Structures are given as structure tokens and as C-alpha cells.
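Thanks for passing this one along; here are some friendly notes to read beside the coordinates.

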Amino acid sequence: MKKWLCLLLAAVMLLGLAACEKKGRDSDKENNAETVEPAPEPSGDDDGIFADGDQYSFIGGELNVLNWGEYIDPELIEIFEKETGVTVNYIEMTSNEEMLIKMRSSDSSYDLCFPSDYIIEQMIREDMLQPLDYSKIPNVKNIDPKMTEITNVFDPGNKYSVPYMWGTVGILYNTKKVDDPVTSWGILWNEKYAGKIWMYDSVRDTIGITLKYLGYDLNTRSEAEVAAARDKLIEQAPLRKGFGTDNMKTSMVNGKAAIAVIYSGDAFACIEENPDLAYVVPEEGSNVWFDNVIIPKSAQNIEAAHAFINFLNDGKIAARNTEYICYSTPNKAAMDRLDAYFTENETYNPPAEVLARCEVFHDLGDFVEVFNAAWSKIKSSN
Amino acid sequence: MKRKFFAYPYIVWMILFIAVPMLFIFYYAFNVDGTWTTERFLSTISDKDTWSVLWRSIVMAFETTAICLLLGYPIAYILSNMKKSVAGFISILFFVPMWMNFVLRTYAWSAIIEYAIPDLFHVENTLTDLPGGKTIAVLLVMVYDFLPFMIMPLYNTLSKMDKSLIEASRDLGADGLTTFLRVVLPLSVPGIVSGITMVFVPSITAFTVPELIGNGDYSLYGNKIEQAFKSGNISGYSVGSTLSIVLLILVIISTVIMNRFDKDKEGGSIL
């Protein structure tokens with residue numbers, strides 16, 4: 001009797017599992033269909049994959065790529081694999097700090113990573129990067145000189161890194177739920193929205209915008225100013241829904257939260273799914289950030305790494321990629337291919353006056369420990 | 001002599017996965033970037049925040065254990081008095097969820113709290129939106145996750161209990177309550193003790209549940225350790241190791257205390 005019941009139970013569970021899996025696959029398909037469909041074919045163009053008719057010779061081997069989650073069009077990886085015979089191992093991470101730890105551990109060798117500005121500055125300081133061989137990256141000509149002007153601040157002359165994506169940090173809010181004007185970071189401390197406010201789970205971004213709100217420098221080295229920002233964020237604890245990353249996007253799109261501190265690219269993708277949402281870079285100013293592609297010193301397949309950078313900077317490929325992940329591209333050839341839906345959108349392509357009030361994060365050296373200590377206290381304030 | 005041979009794999013295992021990691025923890029706690037120093041260790045243990053979060057974890061672990069015991073004991077008692085075949089089937093129902101991955105189950109709870117409950121009951125706020133709600137939500141999911149670990153040893157002890165002792169107690173004139181308090185309860189102490197150990201230790205070291213259920217905005221001691229290691233600077237390793245040593249000492253103390261109660265070593269070792 002008991003045996004029979006057990007068997008029956010096991011069978012029911014297996015059926016349930018099978019059903020779940022099938023459903024998962026179906027929805028995957030739907031998702032793919034959705035994302036492929038709105039991507040408009042660049043107008044008046046040839047049929048080739050590449051804008052400049054690039055040819056790649058066979059390279060082979062493996063390429064270990066460490067990147068953020070949902071931060072590349074997966075089809076592009078397949079194309080690259082087909083063109084060069086390289087097997088791409090794509091590994092994801094959720095924070096710059098995590099990337100630093102992964103790159104430091106001696107047994108792991110990544111060939112390409114996509115860290116942000118201040119981490120690149122730190123990696124250069126700690127001598128972790130390889131100088132790029134620009135003779136192997138001809139497509140770098142496509143990068144907008146206005147962008148390299150900004151990235152010069154943390155990587156002079158782009159010796160070690162090529163800009164991949166960029167954006168701002170701002171507030172995404174639901175116009176149906178927020179009736180106050182959203183112009184200041186101060187809305188994040190408005191008790192009317194208690195329990196409906198998402199903050200970003202990243203030490204530099206969250207403390208950075210609070211410093212801005214208090215009128216301090218984003219890259220401050222004053223312990224008193226960091227302490228003031230810390231206390232402000234501890235005061236905010238009962239109002240917060242949480243510190244999120246990718247999970248806050250679902251929450252915002254479904255209208256479960258009212259306000260979120262978010263990167264412009266994610267904001268753009270959320271607004272695409274829920275038109276009630278709007279994005280603002282507050283008037284106190286904010287952070288403009290760059291995720292650049294770098295080759296670590298410990299990289300094994302340097303040939304393939306350079307080829308991949310060149311591949312990503314092809315005008316057509318970069319356009320496809322930015323259309324897929326919704327983050328702004330620093331690639332001028334790609335920008336020229338995008339339609340007004342992207343280029344005239346202020347979230348995707350912020351106007352000069354917005355950029356004028358944004359600053360880049362800098363590597364803080366050992367002072368980052370003061371930030372981390374403050375962060376640890378903020379995270380246990382709820 | 002020959003028998004010793006069979007112990008070697010176990011010794012190798014112990015050295016590789018228990019002794020060596022311990023040495024690493026002590027190394028990183030007192031060694032920052034190649035130099036030996038107690039400065040980092042002392043500054044971490046003198047931080048008020050370390051102890052307040054540790055206290056919060058202890059309280060949370062006590063509450064989880066107490067609720068699991070209060071819920072688990074009646075269930076185990078009822079199961080132990082059922083027909084073996086029925087009890088077997090029902091206990092399977094309790095343990096089937098444990099076949100699922102722990103993180104997956106926690107994610108499912110996050111979806112229930114954040115989406116399912118508000119949509120089903122048409123409420124605006126989720127539990128985690130309310131002040132103090134994150135604590136309740138974390139407690140709820142911890143109880144859910146650890147309840148089977150309480151039921152199992154209790155059921156094991158209670159079902160092995162000699163039923164003639166209960167009959168004898170009734171024969172000698174004790175009523176149901178007295179029989180329970182003076183015969184059943186004392187005899188089930190080993191089960192209670194191993195149940196408490198099996199719930200208390202994992203709940204004091206928990207970090208997945210507070211991280212996922214608290215929306216990244218609720219820290220128990222385990223989260224503090226994780227944050228230290230993930231902070232990205234090398235000193236984070238020494239902070240994290242120091243915190244781990246404090247936790248290690250706490251777990252050793254609580255295990256020693258529990259062992260004093262569990263002299264016959266019954267009940268446990270089923271999982």
C-alpha cells in the first residue's frame with residue numbers, strides 16, 4: 001500500500017515537473033519572439049552581418065567572458081562563434097565588486113570583462129590589465145569621440161579599455177502612483193511612498209546619489225560627508241522596499257512599487273513594457289557611467305579577445321546589441337543606424353544639459369573602505 | 001590494524017574540507033595583505049554593529065527554533081500514533097518539498113509574498129513593504145524551510161517509544177496530561193534536543209532567506225559575512241574571517257550546551 005502511494009506521488013511530481021519545463025520553454029520562445037520583433041532592420045542596407053563587410057579568420061579555442069546579467073544579445077555570441085570558431089564561455093555577475101573578486105582569484109582566467117569606470121581605474125592602478133592592440137581593433141574608429149573624451153578621465157587615451165555601453169543613474173517612477181513632481185532625489189525620502197521605494201544594491205551608486213542629494217561631491221573623500229549620507233540612508237530604512245538589481249525591474253513593470261533608483265538602460269526597457277513609467281535624472285545631479293570592455297593580464301586567448309572587441313564595435317552589430325539590451329551605445333556608426341525611437345528618447349540619449357550635471361565615479365583607493373563600512377551599516381538598518 | 005585503512009578517506013576528507021578551511025579563516029583574520037596584524041580583528045569585534053546584528057540573528061534563530069518546536073511536536077506526536085503506513089505517507093508529504101532546491105523554494109516564497117498574496121487579496125502593500133514586515137517575512141520562510149528538520153528527529157524518537165510505558169502510566173491512574181508530561185515528554189528529550197540543534201545552527205548561519213525575502217535590505221549575521229567578502233577590497237577578507245570566527249565560537253558553544261542534554265545521542269543522525 002505504502003509503496004503504491006509513494007510511486008503514485010513520484011509520478012504526479014514528475015508530471016508536474018515536465019509540465020513546468022514545457023511551459024518554461026514556451027515562454028522562452030515567446031520572449032525571444034518579442035525581443036526580435038520590434039528590432040527594426042537598419043534601413044537601406046545590404047544583407048551582410050557586418051557594416052563594413054569584415055572578414056574573420058579562424059581563431060578557435062575558448063573565450064571566457066565575464067559580463068553583467070542580460071547585457072548582450074545572445075545571438076551575437078552565436079554569430080561570433082560561427083565566424084571565428086571560438087567557443088564563448090559566458091559568465092554573469094551582478095556587481096563591479098564581484099567582478100573584481102573573480103578577476104583577483106588566481107585560478108580563474110577571464111579573457112574579457114566589462115567593468116565600470118571606477119573599477120577600471122582601480123584595475124589600472126593595480127596593474128591588472130593588458131594594453132590593447134589597436135591594430136587588431138580597426139572598428140574602434142566607430143566610437144564617438146565625445147564619449148572617449150569622458151572615458152579619458154579614468155583611462156587616458158583608452159589604452160586599456162574600449163567603451164561598451166553607457167548611461168546615467170536616475171529615478172524611474174510610476175506616473176499613476178506618484179502625484180508629486182519628481183525633480184529631486186528628495187522624493188526617495190517622502191513618507192507618502194513608504195514601502196514602495198527601490199534603491200540600487202550597489203555601494204557606490206546608492207551612497208553616491210545620497211551625497212549628491214546632500215550637495216556633496218560624488219567622489220568625496222570626507223568621512224564626515226560619507227557619514228552624513230549613511231545616516232540619511234539609515235533614516236530611509238522604513239520607507240524602502242529593498243535594495244534590488246534585476247528584480248526591481250519586474251516589480252516596477254508590474255506596478256508593485258512606485259519609485260526606483262535605476263540605470264537609464266534598465267529604465268528604458270521598463271518603460272517599453274509599461275508606459276505608465278517615466279525616468280528622470282534629478283536636478284541635484286547624478287552619475288554618468290561607462291562600462292568598458294577590458295582584457296585582464298591573465299587572459300589566455302588574447303587573439304580571440306581582440307577579435308571579439310572588434311566584432312562588438314562593428315556598426316551593425318553594436319546597433320543590434322543596443323536595440324536588444326536597451327543601454328546606450330557609445331558607437332557612432334551604430335547610433336546612425338538607430339531610428340528616432342532610440343535617438344530622440346531622452347532616457348536613451350540624454351540631452352547635453354542632463355549630462356552637464358552628471359559626474360563619473362572615480363577610484364577612491366583605500367578610502368573605499370569608509371564607503372564599505374558605511375554600506376554595511378546601511379544594509380543592516382532594516 | 002587493517003581496519004584503520006578504512007578511516008583514511010575520512011581523515012583526508014576532514015583535513016581537506018574542515019581543517020584547511022579553518023586555517024584559511026584564521027590566516028585571513030590576522031593577515032592583511034601579507035602582514036600579520038590584530039588591528040583588523042580588534043576593530044571588527046569592537047564594532048557595535050557586529051554585535052547588534054549577531055544579537056538579531058540569535059533572536060531570529062531562537063524564534064525560528066521555538067516556533068518549529070511548537071508546530072513540529074504536535075505533528076510528530078500525531079504521526080507517531082498513526083498506523084505506520086498512513087504515517088509514512090503523510091511524512092513523505094512533509095519531506096517532498098525538501099527534494100526541491102533550497103534556493104528555488106526561497107525564490108518561490110519571495111514570489112508568493114511580493115506578487116501572489118497582494119494580487120490574490122487585492123492589497124496594495126506586501127508584507128515586506130511594511131515597517132518591521134521584513135522580519136516577520138524572514139521568520140515565516142525560515143520556519144517553513146527548517147520545520148522538517150524538527151519533525152524528523154521528533155517523529156523518529158516518538159515512534160520508537162515503547163507504547164507499553166504509556167499504558168502502564170494510565171494503569172497506574174495518571175490522566176492523559178500527566179502521562180504526557182511525565183512519561184512521553186521526558187522520553188522524547190533526545191529528539192527535542194537534536195531537533196533544536198538541527199534547526200538552531202542552520203538558522204543562525206542563514207543568509208539566503210534574509211537576502212532574498214528581505215529584498216536585499218535585511219541583514220542577519222550570515223549576510224554581514226557575505227557583504228564583507230563581496231566588498232571587493234582585500235581587507236574584506238579579514239573582516240569576513242573575523243566575523244566567521246565569532247560565529248564559529250557561538251556555534252561550538254551552542255553545540256556543547258545541546259550535547260549536555262543529549263547524552264544518549266538518540267534521535268539525530270537521520271539526515
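1. Strand 1 (residues 62-68) of chain A is mostly covered, with six of its seven residues buried.

2. Helix 3 of chain A is worth a look next. Its buried residues are A:Asn96, A:Glu97, A:Met99, A:Leu100, A:Ile101 and A:Met103. What covers them? The cover includes strand 1, strand 2, strand 3 and helix 4 of chain A, and also helix 11 (221-230) of chain B.

3. That brings us to the contact between the chains, to which chain A gives 28 residues and chain B gives 28 residues. On the chain A side, helix 1 (2-36), helix 3 (96-104), strand 6 (240-244) and helix 15 (368-379) each supply at least two residues. Helix 15 of chain A provides the largest share of that side, six residues. Sorted by class, the side of chain A that touches chain B has nine nonpolar, eight polar and 11 charged residues.

4. Chain A itself is divided into domain 1 (62-166 + 289-347) and domain 2 (167-288 + 358-379). Their C-alpha centres lie 25 Å apart. Where the two domains of chain A meet, 21 residues of domain 1 are in contact with 18 residues of domain 2.

5. Which elements of domain 1 of chain A supply at least two residues each to the side that touches domain 2 of chain A? They are helix 4 (117-125) and strand 4 (161-174) of chain A. Helix 4 of chain A contributes the largest share of this side, five residues. By class, this side of domain 1 of chain A has 10 nonpolar, seven polar and four charged residues.

6. Turning to chain B, there are 12 helices and two strands. From the N terminus on, the elements of chain B run α-β-β-α-α-α-α-α-α-α-α-α-α-α. The C-alpha trace of chain B spans about 70 × 70 × 30 Å along its principal axes. Of the 271 residues in chain B, 34% are buried. Among contacts in chain B between residues at least 6 apart in sequence, 76% join residues at least 24 apart.

7. A last word on confidence. The model scores ipTM 0.85 and pTM 0.84. Chain B averages a pLDDT of 88, and 96% of the residues score at least 70. Over residues 266-271 of chain B, however, the pLDDT is below 50, and this stretch has 15 contacts in the model beyond near neighbours in sequence. Where pLDDT is low, the predicted coordinates should not be read in detail.

Conventions:
Residues are numbered from 1 along each chain as its sequence is written. Chains are lettered from A and ligands numbered from 1 in the order in which they are written. This is a predicted model: local features need pLDDT of at least 70, side-chain atom pairs count only at pLDDT 80 or more; totals for chains, interfaces and linings use all residues. Two residues are in contact if their C-beta atoms, placed from the backbone, lie within 7 Å. Helices (H or I, at least four residues) and strands (E, at least two) are DSSP runs, numbered from the N terminus. Ala, Val, Leu, Ile, Met, Phe, Trp, Tyr, Cys and Pro count as nonpolar, Asp, Glu, Lys and Arg as charged, and the others, Gly among them, as polar. Domain bounds come from an automatic or database domain assignment. A residue is buried if 20 or more other C-beta atoms lie within 10 Å of its own, exposed if 12 or fewer, and partly exposed in between; C-beta atoms are placed from the backbone. pLDDT is the predictor's confidence in each residue, from 0 to 100.
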